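I opened my notebook for a friendly walk through this one. Here is what I looked up, entry by entry.

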Amino acid sequence: MKLIGKFDIRELAERFGTPLYVYDKEKIVANYNKLYLSFSRYFKKFSIHYSVKANSNIHILEVLRSLGAGADCSSPFELRLALLAGFKPEKIVYTGNYESLEDLEYVSQHNVSINLDDITSFWRLKKVTNPEFVSFRVNPGIGKGGFEGITTGGADAKFGVPYEMLYQAYSDAKASGVKRFGIHIMTGSNILEPFYFAEVLEKLMRISGRIFKELQIKPEYIDIGGGLGVPYTDEDMELDIETSVRLLSEVFFEYIERYDLGLPELKIEPGRFLVANAGYLVCKVTGIKNGYKKFIGLDAGMNILIRPALYGATHRVKIYGKDGVVQMVQICGQICENSDILGKNVPVPEIVEGDIAIFLDVGAYCFSMASSYNGRPLPAEVLVDDNSVMEIRRRQTFEDFVSSMILTHLD
Ligand code: LLP
């Protein structure tokens with residue numbers, strides 16, 4: 001591997017330094033268009049809200065906004081960022097959990113749709129405003145995710161209204177004056193089976209359809225969250241989007257008709273699917289140790305790529321200009337933790353100090369989960385698009401690192 005888009009990776013590394021996140025705009029555009037086309041084939045009323053938490057660089061938000069996406073935010077800062085990137089409030093959904101009064105107050109002032117995590121969230125919202133619209137996130141009692149840490153439905157998940165309590169939630173909201181309703185579900189991330197989304201939707205519709213009918217509610221939207229997976233290894237099969245959407249539409253329209261629910265909009269909140277494969281982490285080999293095992297040390301560590309340490313996730317790694325496999329190595333960073341392993345038993349070519357290593361599929365949940373642990377700066381980010389390359393975040397400096405520590409308290 002030598003190129004990202006039309007750009008030579010070694011030249012990018014020399015120009016912007018390493019470690020460096022590089023995003024390929026063309027891939028984001030292709031991912032969005034693929035999703036949009038599939039949904040438009042089966043749904044008339046639908047909207048795609050990019051989940052800002054996956055990659056919150058404002059320039060990435062701007063790319064998605066200009067394609068027509070809405071945004072899904074999970075905190076007041078994310079909401080401010082989405083507004084700053086030019087998303088219109090009516091194209092923003094906000095899905096928090098254990099929402100504070102302060103958060104609810106801020107969010108409710110911005111006219112965005114709020115998916116509430118619980119009936120207690122509703123009572124908190126009532127303290128700061130008199131909502132005319134309410135949508136609850138449902139925990140349908142089941143969940144599935146690429147890893148346990150990214151499963152967000154089922155008995156162990158902290159999210160959503162348990163479905164047994166859903167009737168109470170909507171009838172309380174209705175009784176207290178709410179006029180317009182929506183419903184939300186999100187049971188896990190990085191799902192590669194096309195059947196799963198329809199299965200979850202069916203469970204949601206079975207539960208909520210009857211409740212809505214009984215309470216004479218016609219939901220304005222049904223929001224099925226994110227979760228669309230991407231392959232991270234050569235063995236993973238790509239998610240069959242076309243089949244996922246077709247199966248979803250069959251369930252959607254069957255239940256809408258069965259419970260006479262009008263014509264709700266279908267909303268989705270994809271994060272990973274839109275940006276994961278557009279991201280590359282370019283870093284340098286800083287040391288090679290033949291210890292009990294062979295370790296390849298990089299200038300990138302778990303502080304800027306935490307998914308392997310946190311979930312046991314895998315990211316493919318390539319060496320600039322080298323192919324083939326001659327050895328199995330452990331790839332690590334420079335962080336003082338033994339969890340700082342970015343790849344276990346990775347098949348690689350011959351490697352020497354100074355080589356450039358490139359991690360694939362790091363556009364989602366990598367920079368956005370990064371920290372300056374061990375005093376290591378946050379890396380720079382660049383966006384390549386055809387013949388142009390734009391630095392969209394400069395590398396953190398020592399001055400940035402200390403800027404929010406109140407230095408005036410020192411003697
Ligand atoms: N909507 C809500 C309410 C969410 O909580 C999430 C992700 C999404 C949408 C977007 O999900 P996606 O389409 O990206 O699967 N840090 C983990 C992923 C955590 C996902 C959290 N919620 C990882 O690195 O795999």
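I am working on a predicted model, where local features need pLDDT of at least 70, side-chain atom pairs count only at pLDDT 80 or more, and totals for chains, interfaces and linings use all residues. Residues are numbered from 1 along each chain as its sequence is written, and side-chain values use heavy atoms, with hydrogens and water left out.

**Entry: salt bridges**

I took a salt bridge to be a side-chain nitrogen of Lys or Arg within 4 Å of a carboxyl oxygen of Asp or Glu. How many salt bridges does this rule give? I counted 20 salt bridges.

I looked at the pair Asp385 and Lys25, whose closest N and O atoms are 3.6 Å apart. Asp385 sits in strand β19 (residues 380-385) and Lys25 in helix α2 (residues 25-42), so this bridge ties together parts that are 360 residues apart in sequence. Asp385 is partly exposed at 26% relative accessibility, and Lys25 is partly exposed at 25%.

I then went to Arg41 and Glu242, whose side chains form a salt bridge at 2.7 Å, N to O. Arg41 belongs to helix α2 and Glu242 to helix α9 (residues 241-258), so the pair links parts that are 201 residues apart in sequence. Arg41 is exposed, with 52% relative accessible area, whereas Glu242 is partly exposed at 26%.

My next pair was Arg258 and Glu254, with 2.7 Å between the closest N and O atoms of their salt bridge. Both residues are in helix α9, four residues apart, which means about one helical turn separates them. Arg258 has a relative accessible area of 41% and is partly exposed; Glu254 is also partly exposed, at 41%. I noted as well that Glu132, Arg180 and Glu220 are joined into one network by salt bridges that share partners.

**Entry: the ligand**

Which residues are closest to the ligand? I found Ser189, Glu269, Arg307, Tyr311 and Tyr365 to be the closest of the 19 residues that surround the ligand. A residue counts as near when one of its heavy atoms lies within 4 Å of the molecule. By class, I sorted this shell into six nonpolar, seven polar and six charged residues. Here Ala, Val, Leu, Ile, Met, Phe, Trp, Tyr, Cys and Pro count as nonpolar, Asp, Glu, Lys and Arg as charged, and the others, Gly among them, as polar.

I listed some distances from ligand atoms to side-chain N or O atoms. A ligand nitrogen is 2.6 Å from an N or O atom in the side chain of Glu269. Taken alone the ligand exposes 590 Å², and the protein buries 92% of that. These areas come from the Shrake-Rupley method with a 1.4 Å probe.

**Entry: a surface patch**

I marked Met405, Leu407 and Leu410 as a nonpolar surface patch, with about 300 Å² of accessible area together. Patch members have over 30% relative accessible area and no salt bridge, and nonpolar side chains are joined within 5 Å, like charges within 9 Å. Leu407 lies in the segment after α12 (398-402) and is partly exposed at 46% relative accessible area.

Which peptide bond is cis? I found the one from Thr18 to Pro19, with omega near -10 degrees. Pro19 is in the loop between α1 (9-16) and β3 (20-24).

Asp260 is not a glycine, yet has a positive phi of about 55 degrees. Asp260 lies in the loop between α9 and β12 (265-268) and is partly exposed at 48%. Asn345 also has a positive phi, near 50 degrees; Asn345 is in strand β17 (residues 341-348) and is partly exposed at 45%.

Notes: Helix = DSSP H or I, 4+ residues; strand = E, 2+ residues; numbered from the N terminus. Buried < 20%, exposed > 50% of the residue type's maximum accessible area, 1.4 Å probe, protein only. Polar contact = N/O pair within 3.5 Å; in protein donor to acceptor, adjacent residues only side chain to side chain.
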